Amino acid sequence: MGQRPPMSLLPVVHPAALVPRARAVQADLVGVLRPLRTVPSAKLETLPAGGERMAAAPELVLTHVTLRPAGTGLMVSLEQASGRIEASPQMLGLPLNWSDFGRLEMTVMSPHQMALEVVVMLPRGRLGTQTVLHPAETAILSLDLTDLPLAAGKRPLYEPAGLRVNATTLSGADGAFTIVRLSLLPRTGTRNLVVDTLGQRASTTWPGKAGSVDELRLRAAAEGTALARASRPQAHLDPHGGWLHGPHFAATGFFRVERDEGGRWWLVTPGGRPFWSIGTTGVRLGSINDTAVARGREELYAALPRKDEEGWFSGRQTSPTGDIEIEGNVHLYRWNVFRKYGSAEAWRARVLARWAAWGLNTFGAWSDELILGQDRVPGTRFLRTRGLPNAGPAAGVFSDVWDPRWSDAVDAEFARETAAGRGQSSLLGYFVDNEAPWREMRLLDQGPDACLRSAWLEFVRTRHDTVTAFNLAWGARCATWEEVRQLRTDAVASAGARLAEFEAHYADRYFSTVRQLLKKHDPDHLYLGCRFLRVPPADGIIAAAGRHVDVLSVNCYSRTPEPQAFSEWHRLSGGRPILIGEFHFPLASERQLPPTWEAFPEREREAMFTTFVEVWARQPWSVGCHWYQHADQPVLGRHTDGENQTVGFVDLTDTPYEHLVRAARVSAENLYVWHARGEDARP
């Protein structure tokens with residue numbers, strides 16, 4: 001598990017506390033051969049339309065292995081060179097809650113040379129250990145359970161989803177091994193710390209791990225000197241970052257989009273110069289969404305800010321979805337920034353110096369007003385129509401866009417939230433909403449009195465003269481138009497193509513209303529779309545968006561932005577330019593437990609960043625892409641949903657990831673040429 005933190009960070013343990021709080025528990029290995037059931041699992045499942053839910057999973061999953069009893073143990077035979085067992089704690093006869101246990105031990109033996117790994121599966125990550133087992137050797141794989149809370153997400157801190165054993169024979173043939181014993185050993189004394197004094201993972205180390213606040217201040221001074229000497233990767237730019245060597249457009253005083261003579265789309269600066277946007281989302285210090293729960297979990301932290309100190313959040317707080325009441329959360333990035341620089345203004349000056357040196361030219365969605373209010377670097381603002389108070393009913397996240405209460409609430413929200421951006425020349429425009437599940441809308445789940453139901457009835461009656469004709473077309477069994485009016489989504493699910501027409505009708509109402517209200521309050525800035533997920537919704541929804549947005553925005557979490565797929569987005573939208581609102585590649589590092597999806601080492605991630613930007617910049621309809629996000633998420637997970645990813649341009653101590661800085665500089669040096677020349681200029 002690597003090095004432990006210095007003893008000064010650990011709590012004092014009195015001899016009386018060393019008495020085990022629980023007895024060792026041995027798994028019932030033979031019990032896994034019982035008839036299988038499906039049980040609720042703590043595993044997160046990503047929905048096709050966006051969002052997540054807790055999945056149900058079998059108690060036992062076997063991949064290329066067969067099992068048979070071996071005394072009180074379990075003989076595992078591989079059907080090919082590698083295989084896997086995954087079992088729930090229930091199936092193994094282990095307790096659901098492991099809070100009193102400090103270590104898991106698996107005793108194994110094999111006549112073959114095998115690579116073995118035991119992994120505890122958690123909602124937001126994996127905790128594991130591995131070994132190479134030599135022929136006729138008995139080995140014990142011992143796994144420290146201290147870090148279980150790092151990937152618990154919104155689940156209880158010490159309730160894993162299951163255990164996984166991965167096996168690979170190294171002898172070039174099929175192999176077998178025996179799990180002799182699998183045990184949970186009791187914890188002695190108090191729990192070990194999970195988060196150190198700087199908000200970092202406490203149980204291990206990595207190159208560049210910060211050790212103290214004094215060290216952070218020394219780093220800040222050294223970086224300031226380096227930034228003062230750094231050259232800018234982009235030359236020949238206008239005051240807003242526009243390319244002076246590119247085509248020249250009319251100056252209007254605000255950002256807009258326009259095609260050049262070759263048909264390539266550009267953002268255009270207030271001074272009439274072509275602009276291609278590259279930046280990060282979430283350049284901020286004050287968001288409650290960046291906090292982790294601290295109240296009731298104090299024992300996990302080596303240190304916490306005082307209740308009157310920057311970094312502590314309690315009481316009634318303003319969040320992007322409305323006011324919330326919290327007992328006590330910690331914003332470790334904010335705390336580190338104030339301890340490192342002394343003020344938010346000093347941090348902003350550092351961010352602006354970095355953007356110039358790194359070649360980034362945009363502050364993306366959800367950045368602080370402190371950042372967006374300056375005029376040296378362009379930015380984007382985020383508005384919402386979902387979850388507004390007094391906005392009428394909704395089906396899931398989809399509001400009733402025919403209800404006057406919804407449009408009135410959006411009108412009031414836009415009036416208030418556009419005030420800071422009106423007249424601002426450095427503002428690109430507004431994103432409105434984010435990652436709605438457009439592929440799974442279920443609009444007819446609205447209540448019986450929803451205004452949407454009248455719009456639905458009008459929609460079908462313009463297409464069908466009688467209820468009988470409607471029934472034939474939609475596969476329904478209604479006797480009256482009132483029954484048609486009150487149909488639920490599942491009743492017409494078989495008429496998918498026809499239902500998609502109504503969903504496109506809804507989308508047109510939504511996008512047209514948003515545009516009208518946005519331009520009412522700020523006519524000078526761009527409507528940057530709704531930040532679709534990469535997997536496209538129905539064609540009619542994309543077409544509806546294209547009729548009303550200035551820029552189509554799509555969040556894209558794939559290795560490359562897949563030009564062929566995005567060419568369809570462009571075509572279906574009626575030829576709209578496209579901005580990628582989010583992309584990233586998670587870091588594989590000792591900083592955090594490995595996620596349940598793929599993560600990448602620094603060198604690979606550096607190359608992936610540059611490749612992604614180049615492939616995207618060469619597309620004629622692209623106008624930019626924004627990395628998600630500026631700073632890493634809390635190691636214990638943000639309080640809203642437990643997300644704990646290592647995806648920042650800077651870590652929780654506000655130390656930049658140098659491999660991403662290098663990738664950004666290379667991209668910045670080339671992106672205008674990439675976009676101007678396109679695919680024809682590829683080597």
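This is a predicted model: local features need pLDDT of at least 70, side-chain atom pairs count only at pLDDT 80 or more; totals for chains, interfaces and linings use all residues.

Colleague: Fine. In what order do the strands of the open sheet run?

Modeller: E18-E20-E19, three strands with antiparallel pairing.

Colleague: Which ones stand at the edges, and why is a side left without a neighbour?

Modeller: Strands E18 (292-293) and E19 (312-319). Each has a single partner strand, so one side of each has no neighbour in the sheet.

Colleague: How many bridges between E19 and E20?

Modeller: Seven, in the antiparallel sense; E20 covers residues 322-330. Ser 319 has Gly 322 in E20 as its bridge partner.

Colleague: Switching to helices. Which residues of H6 are buried?

Modeller: H6 spans residues 451-461, and its buried residues are Leu 452, Arg 453, Ala 455, Trp 456, Leu 457, Phe 459 and Val 460.

Colleague: What covers them?

Modeller: The cover includes helices H7 (467-474), H8 (481-485) and H9 (496-521).

Colleague: And the largest nonpolar core: which residues touch the most other members?

Modeller: Trp 438, Phe 470, Tyr 510 and Phe 511, out of 182 residues. H9 gives the largest share of this core, nine residues.

Colleague: What does Phe 470 touch?

Modeller: Leaving out residues up to four places away in sequence, its contacts include Trp 456, Val 460, Trp 481 and Val 484.

Colleague: Where is pLDDT under 50?

Modeller: Residues 1-19 are one such stretch. Residues 47-51 are also below 50. The chain average is 91, with 93% of residues scoring at least 70.

Terms used:
Residues are numbered from 1 along each chain as its sequence is written. Side-chain values use heavy atoms; hydrogens and water are left out. Two strands pair if DSSP finds at least two bridges between them. Helices (H or I, at least four residues) and strands (E, at least two) are DSSP runs, numbered from the N terminus. Buried means under 20% relative accessible area, exposed over 50%, partly exposed in between (1.4 Å probe, protein chains only). Contact means heavy atoms within 4.5 Å. A nonpolar core is a set of buried Ala, Val, Leu, Ile, Met, Phe, Trp, Tyr and Cys residues joined through side-chain atoms within 4.5 Å. pLDDT is the predictor's confidence in each residue, from 0 to 100.
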